[in-house]
Amino acid sequence: MKISIVGAGISGLATAQAILSRKPDTDITIFEADQRIGGKVWTEVSPEGYLCEGGVNGFLDKIPRTLELCKEVGVTTLPADASAQKRYVYSRAELHQLPEKPPQFLTSRLLTVPGRLRVIYEMIAGGTDLDDETLAQFATRRLGKEAYERLIDPMASGVFAGDASKLSLKSCFPRIHEIETEYGSLIRGLIKLQAKAKKEGAKNKPGPGPGGILTSFDGGMSALTDKLASQLGSRIRIATAVQDISRSGNRYQLHLQDGQVEESDQLILAAPAHAQARMLQSLSPDLTGLLEAIPYPALSICCFGYRKERVGNVLDGFGFLVPSKEQRAVLGTIVDSNVFTGRAPEGSILLRSMVGGARTPELALLPDEQLIDRVRSDLRDILGLDSEPDFIRIFRHERAIPQYITGHAARLEAIEGHLKTHPGLILTGNAFKGVSLNDCVVNAWKTGQALFPQSAKGETG
Ligand SMILES: Cc1cc2nc3c(=O)[nH]c(=O)nc-3n(C[C@H](O)[C@H](O)[C@H](O)COP(=O)(O)OP(=O)(O)OC[C@H]3O[C@@H](n4cnc5c(N)ncnc54)[C@H](O)[C@@H]3O)c2cc1C
């Protein structure tokens, strides 16, 4: 059986690896449009010695499958510094440290006293009849307007560069949706789940945050995709975009940009949804329509390096997020040199700001000089950082992170329905069931399992 995979981001690469680990002699080709493999995993080291992440910054170490993948390909993980637990939100002209433990929440000035009391009221707040609520509707209903604006809205920016008034709670944060459904309250649910975890002696206790330690590699996130690519070797064809897909008999034909046509029995699309939509236009206009409806707003990443002797330490901890109510260009800034060792040359610091996303995509597309001015102006007001940076690197994502807006779950069901009429076609990648790198790796493993239920070692799991 000949298998083709389209897209050599983490989804395509990990899918190929999962298949080969189960059936090593499988005939696989991976087609990648770009000269570079990795997709949104995009590490660059500057001549000055700044290690910049143009896309993915890390993953949480709570998902065993990603850690197993790292072990299998032979890359050593690098956990974030313990101080990276410390995170801030910029609100009302001040940085407020996010409470690390629930009791600190009572003394944090991020929310006013009535705002904090409203959060406690969550334990008895009412439910909803809506089947697919937005994150904003959910958070306002359960936690109150203030907690929504100052905590949940910036979280939507931090994870999805998204607009909480459009994102679907059940598609973006399914576990939170489940806890409400099961326990009727997030606070009561978490108390019960924590008690259960304690009784069972579980290592990871459920908490209000996502849990786990942020993790990367000495050489940055590309260490993982580069290692996967080197092991897949000549199976990957870079600079080979798939333009169109047709089917004749039991095989798919991949029409490549250079005019060549490749045939395949099993076809796995791991490109972004908008690219899959274009490829499937002649095979299935219905699938194209559904895939095109998944928005991908623009996002720019601005990396600034400074000599410490000129600016001091700037900020301890991970960095800060900015609620949209503050009307700043910057969605959030990570002090990368605080988070992982080796991100800035000796005596320097590295900051990384996100601009654009679903609320202000036009800002991500500003010309370099204007973009830099907007970010520097925000960093001046928020961090008091007035110095000229010694180093600047901008990474552009015209179409960055897929947005699971309301209707996403229904869209997935419709896509699955249409796929039944296209046997041998699999759609994967971060557009469907989780945007994080961990989700991509888990979904890649599931594809391997679905194709080859019995692994080479005789395992069925
Ligand atoms: C700025 C940014 C920061 C992020 N930070 C994090 C983070 O810190 N942690 C985290 O867990 N997740 C993060 N994410 C989410 C991240 O996108 C995913 O976790 C993951 O990297 C997506 O991988 P993928 O392989 O599904 O898609 P992609 O990485 O987008 O890969 C798709 C590949 O398909 C190729 N392709 C497109 N069209 C064609 C075609 N016609 N023919 C052939 N190939 C094609 C593309 O060139 C690309 O290489 C971030 C995303 C962005 C944009």
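Me: Hi! What does Asp265 count as, going by relative accessibility?
Reply: Asp265 counts as partly exposed, at 27% relative accessibility. Buried means under 20% relative accessible area and exposed means over 50%, with partly exposed in between (1.4 Å probe, protein chains only). This is a predicted model, where local features need pLDDT of at least 70 and side-chain atom pairs count only at pLDDT 80 or more, while totals for chains, interfaces and linings use all residues. Residues are numbered from 1 along each chain as its sequence is written, and side-chain values use heavy atoms, leaving out hydrogens and water.

Me: Which residue does Asp265 form a salt bridge with?
Reply: Arg251 is the partner, and the closest N and O atoms are 3.1 Å apart. The pair links distant parts of the chain, 14 residues apart: Asp265 is in the loop between strands E13 (261–264) and E14, and Arg251 is in strand E12 (residues 251–256). Arg251 is partly exposed as well, at 29% relative accessibility. A salt bridge here is a side-chain nitrogen of Lys or Arg within 4 Å of a carboxyl oxygen of Asp or Glu. Helices (H or I, at least four residues) and strands (E, at least two) are DSSP runs, numbered from the N terminus.

Me: How many salt bridges does the structure hold?
Reply: There are 31. One of them joins Arg328 and Asp378, at 3.2 Å from N to O. Arg328 sits in the loop between strand E16 (319–321) and strand E17 (330–335), while Asp378 is in helix H16 (residues 368–383), so the pair ties together parts that are 50 residues apart in sequence. Arg328 is partly exposed at 24%, whereas Asp378 is buried at 5%.

Me: What about Glu68, which residue does Glu68 bridge to?
Reply: Arg65, with the closest N and O atoms 3.0 Å apart. Both are in helix H2, 3 residues apart, which puts about one helical turn between them. An α-helix has 3.6 residues a turn, so residues three or four places apart point the same way. Glu68 is partly exposed at 39%, and Arg65 is buried at 9%.

Me: And which residues are linked in a network of salt bridges?
Reply: Glu122, Glu133, Arg141, Arg142 and Glu180.

Me: New topic, helix H4. Which residues of H4 are buried?
Reply: In H4 (residues 113–120), Gly115, Arg116 and Val119 are buried. Down the helix axis they fall within an arc of 100°, so they line one face of H4; the arc is that of the directions from the helix axis to the C-beta atoms. On the other side, Val113, Pro114 and Leu117 are exposed. The buried residues pack against helices H3 (102–105), H5 (135–143), H6 (145–160) and H9 (186–200), contact being heavy atoms within 4.5 Å.

Me: How many disulfides does a search of the whole structure find?
Reply: 0, where a disulfide is a pair of cysteine sulfur atoms within 2.5 Å.

Me: Where does Cys440 sit?
Reply: Cys440 is in helix H18, among the buried residues there, which also include Trp445 and Leu451. What covers the buried residues of H18 includes helix H1 (10–22) and helix H2 (64–73).
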